[in-house]
Amino acid sequence: ELVLQSDLGVDIDVEETGTTFEENSLLKAEAVMKATGLPALADDSGIAVDALGGAPGIYSARYGFDDSLDDWGRLLLLLKNTENIPDCQRQAKFVCVISFVTPEGEIIQARGEIHGELTREPRGENGFGYDPIFYYPPAGCTTAELDPEIKNKISHRGNAIRALVEKLKNQ
């Protein structure tokens, strides 16, 4: 049975000191597991732009390191920082790593990705974060233009959770 940490009265804000999605996901899962004494799941995710050396990457939610920026402000900052990148070099991917940990010390991690490219302007009303500027070629639109049901089938989070389920089945 899956429950939210808040349902257990746990409110933890884990400092993401890792240098990878895997490390940050594991930090969060271990903190919840230690606080509850129960197996725990946690994820870390973000967008990685090839021409920016993988940035914003693990810093996607803190991109720009300006506390006054909200999701929209970070999206606009990413557009500004990529405005001089030619169309043929705007490849990007959404990444999600899910960690599952148990009090007995078991650790299982799964990674999911979706590959696409950055648009030059936001399009679409669905999704959140960087979805309005992430063009997904197989669908011919941004992930913010996708029906939520379709997005869930192809998303980095969906891919990660499916990979985790497969690993758990093979235990």
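User: What makes phenylalanine 65 count as exposed?

Analyst: Its relative accessibility is 58%. Exposed means over 50%. So phenylalanine 65 counts as exposed in this predicted model.

User: Where does phenylalanine 65 sit, and what is its phi?

Analyst: Phenylalanine 65 is in the loop between strand 1 and helix 2. Its phi is positive, about 45°, although the residue is not a glycine. Most residues other than glycine have a negative phi.

User: Which peptide bond is cis, and what is its omega?

Analyst: The bond joining alanine 55 and proline 56 is cis, with omega about -5°. Most peptide bonds are trans. Proline 56 also lies in the loop between strand 1 and helix 2.

User: Why is the contact between glutamate 16 and arginine 62 called a salt bridge?

Analyst: The closest N and O atoms are 3.4 Å apart. The cut-off is 4 Å, between a side-chain nitrogen of Lys or Arg and a carboxyl oxygen of Asp or Glu. The pair is within it, so the name applies. Glutamate 16 lies in the segment before helix 1 (21–36) and arginine 62 in the loop between strand 1 (40–49) and helix 2 (71–81), so the bridge ties together parts 46 residues apart in sequence.

User: Why are glutamate 16 and arginine 62 called partly exposed?

Analyst: Glutamate 16 has a relative accessible area of 24%. Arginine 62 has 29%. Buried means under 20%, exposed over 50%, and partly exposed in between. Both values fall in between, so both residues are partly exposed.

User: What makes serine 25 buried?

Analyst: Its relative accessible area is 0%. Buried means under 20%, so serine 25 is buried. The residue is found in helix 1. Beyond its sequence neighbours up to four places away, it touches Ala42, Asp43, Asp44, Val97, Ile98 and Ser99.

User: Why is arginine 74 called buried?

Analyst: Its relative accessible area is 11%. That is under 20%, so the label holds. Arginine 74 lies in helix 2. Leaving out residues up to four places away in sequence, it touches Ser60, Ala61, Arg62, Tyr63, Leu69 and Tyr130. Arginine 74 and tyrosine 130 are 56 residues apart in sequence, yet 8.2 Å apart from C-alpha to C-alpha.

User: What is the pattern of the chain along the sequence, and how do you know how compact the chain is?

Analyst: The pattern is α-β-α-β-β-β-β-α-α. The radius of gyration is 17 Å, close to the 16 Å that the globule rule gives for 171 residues, so the chain is as compact as a globular protein of that length. The secondary structure comes to four helices and five strands.

User: What share of the residues is buried, and what share of the contacts joins residues at least 24 apart?

Analyst: Of the 171 residues, 39% count as buried. Among contacts between residues at least 6 apart in sequence, 54% join residues at least 24 apart.

User: How many side chains are positive and how many negative?

Analyst: There are 16 positive and 29 negative side chains. The centres of the two sets lie 5 Å apart.

Conventions
Residues numbered from 1 in each chain as written. Predicted model: local features only at pLDDT ≥ 70, side-chain atom pairs only at ≥ 80, totals over all residues. Heavy atoms only, no water. Helix = DSSP H or I, 4+ residues; strand = E, 2+ residues; numbered from the N terminus. Buried < 20%, exposed > 50% of the residue type's maximum accessible area, 1.4 Å probe, protein only. Rg over C-alpha atoms; globule rule 2.2 N^0.38 Å. Contact = heavy atoms within 4.5 Å. Lys, Arg positive; Asp, Glu negative; His and termini not counted. Charge placed at Lys NZ, Arg CZ, Asp CG, Glu CD.
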